[in-house]
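Happy to go through this one with you, question by question. Each answer sets a computed value against the cut-off behind the label.

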Amino acid sequence: MTHTIDPITSSTNRYLRDNFAPVREELTATDLAVTGRLPAHLDGRYLRIGPNPLDDPGDQHHWFLGEGMVHGVRLRDGQAQWYRNRWVRSADVADALGEPVRGTPGELDFAANTNVLQHAGRTLALVEAGAPPYELTHELDTVGPCDFGGTLPSLPGRPGYAAHPHRDPDSGELHALSYSWMRGNKVAYSVLGNDGRIRRSVDIEVHGSPMMHDFALTERHVVILDLPVTFDIAMATADVPRLIRPLVRGVLNRVIGRNPLPEPVIARIARGGSDEPSLPYLWNRDYPARIGILPRDADGDAVRWFEIDPCYVFHTLNAYDDGDSVVVDVVRHPRMFDTVLNGPDEGPAVLTRFTFDLRTGRAHESGLDQRSQEFPRHDERLTGRRHRYGWAVGFEDGVPGDTVLRHDLATGTTDARRLGSGMEASEFCFVPDPDGTAEDDGVLMGYVHDRAEGRSQLRLLDAATLEDVATVHLPGRVPAGFHGNWAPEGTDLADV
């Protein structure tokens, strides 16, 4: 069934204009036109997700809060067989579209909008901060909330799941770090087995109630980012009636940063009554910036903390053990949600390396590339292992530009490929050539918006040279969004 809804009105909010603007129709197209030649070994789906508001959320809208829409292209035998885009049907989305609710949504139901991947035979749409993942069909229709066979704690006060799991390339298991302001100063490190059930979950105590979008994994350690973007009570309660606001804030002050009470009513109050909800996380100058190193098989109290200069990290590139040290490559933002409150735009984000000496307890920070960039990716066959290459998208004035970057961390050089005037790149993931021998033998795959044409493409670039391999021409526009992954057929080992 195809759904079309009315377009939103013009807005002063940059995250509702241009290629951030939501698309208003679900499409299905088959036998897509291709320029160039798709590698014959590609048999699977390229999936990507992002926020796509159903209604007109108003000028105060935060980019992260739009309902999720997944976009997918099926590749097989050198052909692009189909393109589909579908809203993730949370209870509210299903109701707005006049459809029955799928599954049994919990108290913290949200149309997942941040990451999409496959694992243990399921296609999963993910979001952070306590809401559960949603399972999708192969054709991207919504099945319903997923609790991993009853092993995911999804009650209020529990962590839910995460937007950024990382797959161990040896075991195939997904490792994740989950947070929720309702858990106060505890986050959860979990391991999702290849049977689709969580086999290990460990609580870790952090300083307060931070926003933890990502983490990193090595062969021996978990890397925890406890950074100064934290839950803000004043913002969360701005729409609570003035007479009861002191009472509500008093309750929340007893919860945040401590062991909270699992009260659904607190979650409702914190969301506020406004039709224009704001993300209740802000830059906190009084919050210490630190990174924790936890042995993968240890209890949460074994974490070692390293203080760093104040910054924020949405995404890690990769991490690895180096003798008695842990090396972590990240995209470092100078701060976040300090002066710009509706999206990430607080100055250039640069590729940075942190080295943590477990013997001396010292941390060292060094710059790797000073171009403004985001959405770093590597060869996921090397997750937690020493890597040489990384790829990212260049940003201009806080929005994606037309540049794809290839970092050679062995030589310290970076190649930049301009896709062309009027082109706007989104995240590119690396898909290896099964017959390749080098780390960068394969293609980069991601959506690119052509502003002049008003449509988007699935672009494939040679990962070593950044030259064009193939372009799949899509029937509509894929808005600027978040994360995408290659989901191969016949295996559950998708890139994460």
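Q: What is the mean pLDDT of the protein, and what percentage of its residues reach 70 or more?
A: The mean pLDDT is 90, and 87% of the residues reach 70 or more. Over residues 257-275, though, the pLDDT is below 50, and this stretch has 41 contacts in the model beyond near neighbours in sequence. Where pLDDT is low, the predicted coordinates should not be read in detail.

Q: Why is C146 called buried?
A: Its relative accessible area is 5%. Buried means under 20%, so C146 gets that label. C311, with a relative accessible area of 0%, is buried too.

Q: What makes L126 count as buried?
A: L126 has 1% relative accessibility, and the limit is under 20%, so it counts as buried. L126 is found in strand β7, residues 122-126. As for A111, it is 15 residues from L126 in sequence, with a C-alpha to C-alpha distance of 8.8 Å.

Q: Why is the aromatic pair of Y46 and Y447 called edge-to-face?
A: There are 20 aromatic pairs by this rule. For Y46 and Y447 the centres are 5.1 Å apart, within the 6.5 Å limit, and the planes make 75°, which is over 60, so the pair is edge-to-face. The pair links distant parts of the chain: Y46 is in strand β3 (residues 44-51) and Y447 in strand β30 (residues 442-450), 401 residues apart. Both Y46 and Y447 are buried.

Q: Why is the pair of W63 and F64 called tilted?
A: Here the centres are 6.1 Å apart and the planes make 45°. Stacked needs under 30 degrees and edge-to-face over 60, so this pair is tilted. W63 and F64 are both buried, and they belong to one aromatic cluster that also includes Y15, F20 and Y312.

Q: How do you know that R84 lies over the face of W82?
A: R84 is at 4.4 Å from the ring centre of W82, and the distance limit is within 6 Å. R290 likewise lies over the face of W305, at 3.8 Å from the ring centre.

Methods: Residues are numbered from 1 along each chain as its sequence is written. This is a predicted model: local features need pLDDT of at least 70, side-chain atom pairs count only at pLDDT 80 or more; totals for chains, interfaces and linings use all residues. Side-chain values use heavy atoms; hydrogens and water are left out. Buried means under 20% relative accessible area, exposed over 50%, partly exposed in between (1.4 Å probe, protein chains only). pLDDT is the predictor's confidence in each residue, from 0 to 100. Contact means heavy atoms within 4.5 Å. Helices (H or I, at least four residues) and strands (E, at least two) are DSSP runs, numbered from the N terminus. Rings of Phe, Tyr and Trp (its six-membered ring) pair if their centres lie within 6.5 Å; planes under 30 degrees apart count as stacked, over 60 as edge-to-face and the rest as tilted. A charge sits over a ring if NZ of Lys or CZ of Arg is within 6 Å of the ring centre and within 35 degrees of the ring normal.
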